[in-house]
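Take a moment to look over the whole structure before reading on.

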Amino acid sequence: MAKDFSTRAENYSQWYNDLVIKADLAENSAVRGCMVIKPYGYAIWEQIQSVLDKMFKATGHSNAYFPIFIPKSFFSKEASHVAGFAKECAVVTHYRLKNSPDGKGIIVDEDARLEEELIVRPTSETIIWDTYRNWIKSYRDLPVLVNQWANVVRWEMRTRLFLRTTEFLWQEGHTAHASEEEAIREAETMLQVYTDFAEKWMAIPVLQGTKSPSERFAGAIETYAIEALMQDGKALQSGTSHFLGQNFARAFDVKFLSKENQLDYVWATSWGVSTRLMGALIMSHSDDHGLVLPPRLAPIQVVIVPVFKTSEQLEQISRVVGPVKSALESKGITIKYDDRDTQKPGWKFAEYEFKGVPVRLTLGPRDIEQGTVEIARRDTLEKEVFQIKDIENKVVHLLDLIQQNLYDRALSFRENNTFRVDTWAEFKEILDGTGGFISAHWDGTAETEEKIKEETKATIRVIPLNNPKEEGRCVYSGKPSHQRVIFARAY
RNA sequence: CGGGAUGUAGCGCAGUUGGCUAGCGCACCACGUUCGGGACGUGGGGGUCGGAAGUUCGAGUCUUCUCAUCCCGACCA
């Protein structure tokens, strides 16, 4: 473990990269653009998965699995969908290798060219809707509420650990409904699920809204998104939910017979969050001392570090730790007692601090004598000494307190970095300064949106849900506008 | 795919106008002293200097080619 790494003020993106590597979350792999998620990082992802999975099931969804390969022809059936993804698809063209005739290694066997090339899924709408055609005949077959946990591949030019990698892990929900209203309601429900997860589990406040047409998912009628603000003032899209209308049903000819004996196309949604959430988690809470994890997602919620010189002292400490550990575990707390004698206490303090463990308990000979324990919290770095008999309730309470504090801290950061702006000069000034969310009037045209992006790199992140109507003038063009939208530079 | 940079131990780097046995810090191993915020001392292990060809008595150093990585742009959850 390195002693020092970049601070946020020095170089935010370097700080992020250092943190991911040194906190043992992930590393770059031998394959360009693809990452290895290390056990500690994967444990956080598993935690995210397990909570979301329960939430999906609680809202009526079931998991299923579809192939990683998609026939090329499927892909081109929905016009805007192909247009959106064509430039970043990995394609399988052959199915066999052979020894090189010159004896040097192995080459693609040209005789083993595929009749139809296969696309490595960048998303699964096409293969799933091709399948749904056979599943759905009648209104009695609806709704279909399916989710899949999978990996997808998008051939990106520039990658960053967790935030944008060529291969990433995600979940994609794909639902089919008998009516437009029901499908829209589904898309909105899942947006709310994502919001609850982000705020209650990740302790990240998010803005809910719809995307402007140019930011919409390829093939969607409406894209809903949650958008979070990172500590460097840039926005991070953290989850999306799409109302797909009948676009995919038409493309794949998925029709059902209604109660009224009418043949109609099925209404669709899709929704997903990815390992990008890991990036959001890291950038929302962590500080110059390393990772800071919200207790509800931390793989280790409490670490106990004994301070000892002799094995007798360690034994003595372990006798006290044992019951405390079991008592906390019985309350569902994940706890690690690090009694290794190969590392010094100071080293361990630094290590767990860097890895963002929310609470640390320290017990040394002094504590054994006095019946006390030192308790340190990661979010504020404060330390206090308590009677060991009180520790159980104290820890339970403290974990809740930390969870809440992280959310409050992130919320007040967002509030302090959200600006109502009415002039173009101020718009640019904020982006060149602190960054943040800018609430400004927009004339609703793609041209203006594009110009703003060209000049400032800022994009419309969301048009907030239940956005109040307000007459005003577009911050860029001066044309009449009926509502404010949220701009920011984004990841 | 354009512009810039870098490849020397696991990581971070130094290595002079070409010169003798390629070095430093961290990490690693052994022993001793330490142990309440990343300990210290002593000793030790680890290198096809990205690769190939060339110039030369001699190449980490010079030449050519090649490969790879990183940064900056166009695309994106």
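Strand β27, which runs over residues 484-488, is mostly covered, with five of its five residues buried. This description, like everything that follows, belongs to a predicted model. In a regular strand the side chains alternate between the two faces of the sheet. The strand β27 can be read in this way, for R484, I486 and A488 point one way while V485 and F487 point the other way, and all of them are buried.

Which strands pair with β27? On the one hand, β23, made of residues 437-441, pairs with β27 in the antiparallel sense over four bridges. On the other hand, β24, made of residues 459-464, also pairs with β27 in the antiparallel sense, here over three bridges. Individual residues let you follow this pairing on the model: I438 has F487 of β27 as its bridge partner, and H441 has R484 of β27 as its bridge partner. F487 also has I460 standing opposite. Strands of a sheet pair through backbone hydrogen bonds, either parallel or antiparallel.

Eleven strands form an open sheet of mixed pairing, in the order β3-β9-β10-β16-β13-β12-β11-β24-β27-β23-β22. Because β3 (62-63) and β22 (418-420) stand at the edges and each has a single partner strand, one side of each is left without a neighbour in the sheet.

Q483 is found in the loop between β26 (480-481) and β27. Is Q483 buried or exposed? Its relative accessibility is 19%, and because a residue counts as buried under 20%, Q483 is counted as buried. The side chain of Q483 makes a polar contact with the side chain of N467, at 3.0 Å. If neighbours within four places in sequence are left aside, Q483 is in contact with A440, H441, W442, I463, N467, P468, K469 and E470.

The next step is to consider the division of the chain. The domain assignment of chain A gives domain 1 (12-285), domain 2 (302-406) and domain 3 (418-488). The contact between domain 1 and domain 3 takes 18 residues from domain 1 and 15 residues from domain 3. The centres of these two domains, taken over C-alpha atoms, are separated by 29 Å.

The peptide bond from L142 to P143 is cis, with omega near -5°, and P143 lies in the loop between α5 (125-135) and β9 (144-153). N261, although it is not a glycine, has a positive phi of about 65°; N261 is placed in the loop between β14 (255-257) and β15 (263-265), and its relative accessibility of 57% makes it count as exposed. L381 is likewise not a glycine and has a positive phi of about 65°. L381 belongs to the loop between β20 (372-377) and β21 (383-387), and with 36% relative accessibility L381 counts as partly exposed.

Finally, turn to the RNA. Around RNA strand B there are 35 residues, of which R158, R164, T165, R276 and D367 come nearest. By class, the surface near RNA strand B has 17 charged, twelve nonpolar and six polar residues. Which element gives the largest share of this surface? That share comes from α10, with seven residues, while α10 (345-354), β19 (359-363) and α11 (365-370) each supply at least two residues.

Seen from the side of the RNA, 33% of the atoms of RNA strand B within 4 Å of the protein belong to sugar or phosphate, and the rest belong to bases. Particular atom pairs show how the bases are approached. A base nitrogen of RNA strand B is 2.6 Å from a polar backbone atom of T165, and a base nitrogen is also 2.6 Å from an N or O atom in the side chain of E353. A base oxygen of RNA strand B, in turn, is 3.2 Å from a polar backbone atom of P365.

Conventions
Residues numbered from 1 in each chain as written. Chains lettered and ligands numbered in written order. Predicted model: local features only at pLDDT ≥ 70, side-chain atom pairs only at ≥ 80, totals over all residues. Heavy atoms only, no water. Near = heavy atom within 4 Å. Polar contact = N/O pair within 3.5 Å; in protein donor to acceptor, adjacent residues only side chain to side chain. Nonpolar A, V, L, I, M, F, W, Y, C, P; charged D, E, K, R; others polar. Buried < 20%, exposed > 50% of the residue type's maximum accessible area, 1.4 Å probe, protein only. Pairing = 2+ DSSP bridges. Domains from an automatic or database assignment. Contact = heavy atoms within 4.5 Å.
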